[in-house]
Amino acid sequence: MLSHLRFVPKKIIYAGGPFTDGLRELSEGNNVKPVVNGSGGTHIVLPPYYCPRHMGMVDMMTSRGSFLFFIPWEGYTLVGTTDVKTKPDLHHEVPEDEIQYLINECEKYLSPSLEVRRRDVMSAWYGIRPLCADPNPKDQSSASRDHVVSHHPSNGIT
């Protein structure tokens, strides 16, 4: 047994993705400045014949101004987007209108003889990723699509 070893954490890190502001409220109270916005998106899986095996694409300007990816994945075709502002929750339903939006966008890139039908959607899910800003910035910055490391001056949590 390793009871003689003692672990003393040097830092506590919030790694809560889109739920980070909720975690911050637990230690800092309800008056925290929100720093995380959720960007939600729907992903659908289609049969493999909708996309070549070794080639995918990204459209950076769809009909609603967001981006869309269309890629081969695990022997199938994965289509999705993640640019819809949303509040994080653990049990987000897949919006049917988002599935239909993806189906409609797909048809722009396919042969007119290949119609994407709702029954072709084999699977669908909705995910939320964080877009964050530093809660204690030295200067103003835009939302990050990567990550932000911030240190709270009074409680020491990073």
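Asp21, Pro34, Val36, Asn37, Gly38, Lys85, Thr86, Lys87 and Pro88 line the second largest pocket. The structure is a predicted model, in which local features need pLDDT of at least 70, side-chain atom pairs count only at pLDDT 80 or more, and totals for chains, interfaces and linings use all residues. Residues are numbered from 1 along each chain as its sequence is written, and side-chain values use heavy atoms, with hydrogens and water left out.

**Second largest pocket**

- The second largest pocket holds about 150 Å³ of space. On a 1 Å grid over the protein atoms alone, a pocket is an open set of points where a 1.4 Å probe fits, with protein on both sides within 12 Å along at least five of seven lines, and lining residues have an atom within 4 Å of a point.
- Strand S1 (36-46) and strand S5 (84-86) each supply at least two residues of this lining; strands are DSSP runs (E, at least two residues), numbered from the N terminus.
- S1 gives the most to the lining, with three residues.
- By residue class, the lining divides into three nonpolar, three polar and three charged residues. Here Ala, Val, Leu, Ile, Met, Phe, Trp, Tyr, Cys and Pro count as nonpolar, Asp, Glu, Lys and Arg as charged, and the others, Gly among them, as polar.

**Aromatic rings**

- Three aromatic pairs are found in a search of the whole structure. The rings of Tyr49 and Tyr50 have centres 4.8 Å apart and planes at 35 degrees, so this pair is tilted. Rings of Phe, Tyr and Trp (its six-membered ring) pair if their centres lie within 6.5 Å; planes under 30 degrees apart count as stacked, over 60 as edge-to-face and the rest as tilted.
- Tyr50 is buried, at 3% relative accessibility (buried means under 20% relative accessible area, exposed over 50%, partly exposed in between, with a 1.4 Å probe and protein chains only).
- Arg64 lies over the face of Tyr101, 3.9 Å from the ring centre; the criterion is NZ of Lys or CZ of Arg within 6 Å of the ring centre and within 35 degrees of the ring normal.

**Loop residue Ser63**

- Ser63 lies in the loop between strand S2 (57-59) and strand S3 (68-73), and is exposed, with a relative accessible area of 54%.
- Ser63 and Tyr101 are 38 residues apart in sequence and 9.4 Å apart in space, C-alpha to C-alpha.

**Cysteines**

- The structure holds zero disulfides, a disulfide being a pair of cysteine sulfur atoms within 2.5 Å.
- The sulfur of Cys51 has its closest cysteine sulfur in Cys106, 9.5 Å away, which is too far for a bond.
- Cys51 is buried at 7% relative accessibility, and Cys106 is buried at 0%.

Conventions: Grid points are joined across faces, edges and corners, and a volume is the space filled by probe spheres set on the points. Helices (H or I, at least four residues) and strands (E, at least two) are DSSP runs, numbered from the N terminus.
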